[in-house]
Amino acid sequence: MKIIIPKTELSEALCSLSKIACIANPVLPFIRLVRIQADVKKQSVVLSAGDLDQVLQFTLPNAKADADVDIAVSCAELKNAIKGCGSTGEVMFSVQGDALTVMNHELQLGILSLAPQDDAYPFPAVPKNPDSQIVLPTNFTSFLANAQACTSTDPTRKILQGI
């Protein structure tokens, strides 16, 4: 399975994603990972990272993939691997077993180990059927009541939030 991404698009996406995923000592393992998802039918590649507060996703429109891929790798290791290639051109990812090989013009930039899929950020899936019902946990009302106790009702909060 191979993915080819223009270097400039990949660098721009990783620069933003690293603000979330390149934390030195994350509490949860998925915070340091970048998820790479390729879709052959759409001919698109999506890079994403998330933590408990935010999720960033970048769709790379000029990327090409020869198979559907859904993997996760360390953001810091990926960023270090592509640092060694020039500012232009394309970066090729090759997935073989539990490793991701990063190449640029036949030059191998690195071999990164893939993270277990269970460690990747769990993006919520939107139901495909709009009439389907989502069953909430039985303690959901108590969860909301506890969350309400933590929220601020101060009217200045709304004004300060826009600053």
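Colleague: In which sense do S1 and S7 pair, and over how many bridges?

Modeller: In general, strands of a sheet pair through backbone hydrogen bonds, either parallel or antiparallel. Two strands count as paired if DSSP finds at least two bridges between them; strands (E, at least two residues) and helices (H or I, at least four) are DSSP runs, numbered from the N terminus. Here S1 and S7 are antiparallel, with five bridges between them. Within this pairing, Lys2 faces Ser94 of S7. S1 is also joined to S5, residues 64–65, by two bridges in an antiparallel arrangement, where Ile3 has Ala65 as its bridge partner.

Colleague: Before we proceed, on what basis are such features reported?

Modeller: This is a predicted model, in which local features need pLDDT of at least 70 and side-chain atom pairs count only at pLDDT 80 or more, whereas totals for chains, interfaces and linings use all residues. Residues are numbered from 1 along each chain as its sequence is written, and side-chain values use heavy atoms, with hydrogens and water left out.

Colleague: What is the strand order of the open sheet of four strands?

Modeller: The order is S4-S3-S2-S6, and the pairing is antiparallel. S4 and S6 (69–74) are the edge strands, each pairing on one side only. On average, neighbouring strands of this sheet are turned by 20° against each other, direction ignored; axes are lines fitted to C-alpha atoms, for helices over the stretch in contact, and angles run from 0 to 180 degrees between N-to-C directions. Five bridges connect S2 with S3, again in the antiparallel sense, and Gln37 has Val46 in S3 as its bridge partner.

Colleague: Where does H1 bend, and which of its residues are buried?

Modeller: A bend at a residue is the angle between axes fitted to the seven residues ending there and the seven starting there. H1, residues 7–21, bends by about 30° at Cys15. For burial, the relative accessible area decides: under 20% is buried, over 50% exposed, and in between partly exposed (1.4 Å probe, protein chains only). The buried residues of H1 include Leu10, Leu14 and Leu17. Among the elements that cover the buried residues of H1 are S1 (2–6), S7 (90–96) and H2 (75–83).

Colleague: How many salt bridges are there, and which parts of the chain do they link?

Modeller: A salt bridge requires a side-chain nitrogen of Lys or Arg within 4 Å of a carboxyl oxygen of Asp or Glu. By this rule the count is two. In one, Arg35 meets Asp70, with the closest N and O atoms 2.8 Å apart. This pair links distant parts of the chain, since Arg35 is in S2 and Asp70 in S6, 35 residues apart. Arg35 is buried at a relative accessible area of 13%, whereas Asp70 is partly exposed at 32%. The other salt bridge joins the side chains of Lys64 and Glu90, at 3.7 Å from N to O. Because Lys64 lies in S5 and Glu90 in S7, the pair ties together parts that are 26 residues apart in sequence. Lys64 is partly exposed at 45% relative accessibility, and Glu90 is partly exposed at 36%.

Colleague: What does the side chain of Asn104 reach?

Modeller: A polar contact is a pair of N or O atoms within 3.5 Å; within protein, one must be able to donate a hydrogen and the other to accept it, and residues adjacent in sequence count only if both atoms are side-chain atoms. The side chain of Asn104 comes to 2.8 Å from the backbone oxygen of Glu90. Asn104 belongs to S8 and is buried, its relative accessible area being 7%.

Colleague: Where does Gln43 lie, and is it buried or partly exposed?

Modeller: Gln43 is in the loop between S2 and S3 and is partly exposed, with a relative accessible area of 33%. Although Gln43 is not a glycine, its phi is positive, at about 50°.

Note on methods
Contact means heavy atoms within 4.5 Å.
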